[in-house]
Amino acid sequence: MNINEKYINRCLDLAKNGLGNTYPNPMVGAVIVHQNKIIGEGWHRQAGKPHAEVNAIASVKDESLLKQSSIYVNLEPCSHYGKTPPCSDLIIEKGIKKVVIGMLDPFEKVAGRGIQKLISAGCNVQVGVLEKECKELNKRFLCYHMQKRPYLILKWAASQDGFLSPYLFPEVPKNPAPVWITGNQSKQLVHKWRSQEQAILVGANTVLADQPSLTTRLWKGKNPTRIVIDPHLKLDVSSKVFNEEAKSIWIHDAKLECKANENSICEGINFEDNPLQELMQVLYTHEIQSLIVEGGAYTLNAFIEANLWDEARVFNGKSIFNKGTAAPKLPNSKLISEEFINQDQLNLYKND
């Protein structure tokens, strides 16, 4: 690893601190180096708050050193006025002459303009250091701006013999208790994931069967926006997914009238022709950059059949059901990692 990669790698480590808190902005870290010594660093903590470059510059104790320093940042400094002033202007104002950037920003208001502004001001700019790693970090931001949809994460838990739930017929209890396949540590990890993503999706049948709240109650963090697919409006506002704990978006057939409460928004779509693509347009409009799909077999398989997913997180527990609702299969998938959470096996797949 060369010196530029070393400091961009540090930027990436800093940027990760913002996971779950920067939406709709990307995760960015910045490092300021003087004579091969880090004299300042920072990261973007929350949308609307100072960007990474601002925090890094503010952390430098002796500002006179900035004119002989280099700044490293994993994403192109912004060049436009949003909720905060342009970071490229601040770099120029402080007289920092060397700028090393991990990757270009695809956001249409930046998209190379920050780099051009720096070059025009006489800065020595280098772009494309650890670019692959930088893209991986901001995969949600990139997917949203380049594919005009959220980054899609499928998640489910299956028994050791490949079932999502056991066979209950012909004698189904009146109010069957949920069948937990994974242990408490895995449940807590799932709630941590929820705090890191912008939204979570289930279908109406899952809501009717389990009455989930879809919150982060086992982890300290922000609750995701709840997306509920309910074409025929089987649900009512008394369901937990429409309570005051988080915002909800109620997706239904556009031909039906939906009556939401103060915590939810009704969005009608056409379920007769490619409803998932229409759903993606709705979520894009709502600036949803990442989505966990935690629905049942029908919902999960709909996304898989449409080849509309980016990664899948699959737990396999120790339970054996012998028969029941079969877990989805993932064609064109690549196993990225596998680990054990106590006795639960967790496999991570990417869409290949």
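The model is predicted: local features need pLDDT of at least 70, side-chain atom pairs count only at pLDDT 80 or more, and totals for chains, interfaces and linings use all residues. Residues are numbered from 1 along each chain as its sequence is written, and side-chain values use heavy atoms, with hydrogens and water left out.

The chain has 352 residues, and 50% of them count as buried. Buried means under 20% relative accessible area, exposed means over 50%, and partly exposed lies in between (1.4 Å probe, protein chains only).

**Overall build**

- The chain carries ten helices and 16 strands. Both are DSSP runs numbered from the N terminus: helices are H or I with at least four residues, strands are E with at least two.
- Along the principal axes, the C-alpha atoms fill a box of roughly 75 × 45 × 35 Å.

**Cavity**

- Rolling a probe the size of a water molecule over the atoms shows where empty space is left.
- The structure holds one cavity of 30 Å³ or more. A cavity is a set of points, on a 1 Å grid over the protein atoms alone, where a 1.4 Å probe fits but cannot get out.
- The volume of the largest cavity is about 70 Å³. A volume is the space filled by probe spheres set on the points, with grid points joined across faces, edges and corners.
- Lining residues have an atom within 4 Å of a point. For the largest cavity they are Leu19, Gly20, Thr22, Tyr23, Asn25, Pro26, Met27, Asn138, Arg140, Phe141 and Gln289.
- This lining divides into five nonpolar, five polar and one charged residue. Ala, Val, Leu, Ile, Met, Phe, Trp, Tyr, Cys and Pro count as nonpolar; Asp, Glu, Lys and Arg count as charged; the others, Gly among them, count as polar.

**Cysteines**

- A search of the whole structure finds one disulfide, defined as a pair of cysteine sulfur atoms within 2.5 Å.
- Cysteine 258 and cysteine 266 form it, with their sulfur atoms 2.0 Å apart.
- The link of cysteine 258 and cysteine 266 is left-handed, with -55° about the S-S bond.
- Cysteine 258 is buried at 15% relative accessible area, whereas cysteine 266 is partly exposed at 24%.
- For cysteine 11, the closest cysteine sulfur is that of cysteine 134, at 8.0 Å, which is too far for a bond.
- Cysteine 134 is in no disulfide.
- Cysteine 11 is buried at 0% relative accessible area. Cysteine 134 is buried too, at 0% relative accessibility.

- The buried residues of H6 are Lys139, Arg140, Phe141, Leu142, Cys143, Tyr144 and His145.
- H6 is followed by lysine 148, with a positive phi near 60°. Lysine 148 is not a glycine.
- Lysine 148 sits in the loop between helix H6 (139-147) and strand E6 (151-158), and is partly exposed at 41% relative accessibility.

**Helix H9**

- In H9 (residues 275-285), Leu276, Leu279, Met280, Val282 and Leu283 are buried.
- They lie on the same side of H9, because they cover an arc of only 160° around the axis. The arc is that of the directions from the helix axis to the C-beta atoms.
- Gln281 and Thr285 are exposed on the other side of H9.
- Glutamate 287 follows H9 and has a positive phi near 60°.

**Other loop residues**

- The peptide bond from tyrosine 23 to proline 24 is cis, with omega near 5°.
- Proline 24 lies in the loop between helix H1 (3-15) and strand E1 (29-34).
- Aspartate 310 is in the loop between helix H10 (297-305) and strand E13 (311-316). At 14% relative accessibility, aspartate 310 is buried.
- The side chain of aspartate 310 makes a polar contact with the side chain of arginine 149, at 2.8 Å. A polar contact is a pair of N or O atoms within 3.5 Å; within protein, one must be able to donate a hydrogen and the other to accept it, and residues adjacent in sequence count only if both atoms are side-chain atoms.
- Asparagine 332 has a positive phi of about 55°, although it is not a glycine.
- Asparagine 332 lies in the loop between strand E14 (324-326) and strand E15 (333-341), and is exposed at 54% relative accessible area.

Notes. 1 Å grid on protein atoms, 1.4 Å probe; cavity = no way out; pocket = protein on both sides within 12 Å on 5 of 7 lines; lining within 4 Å.
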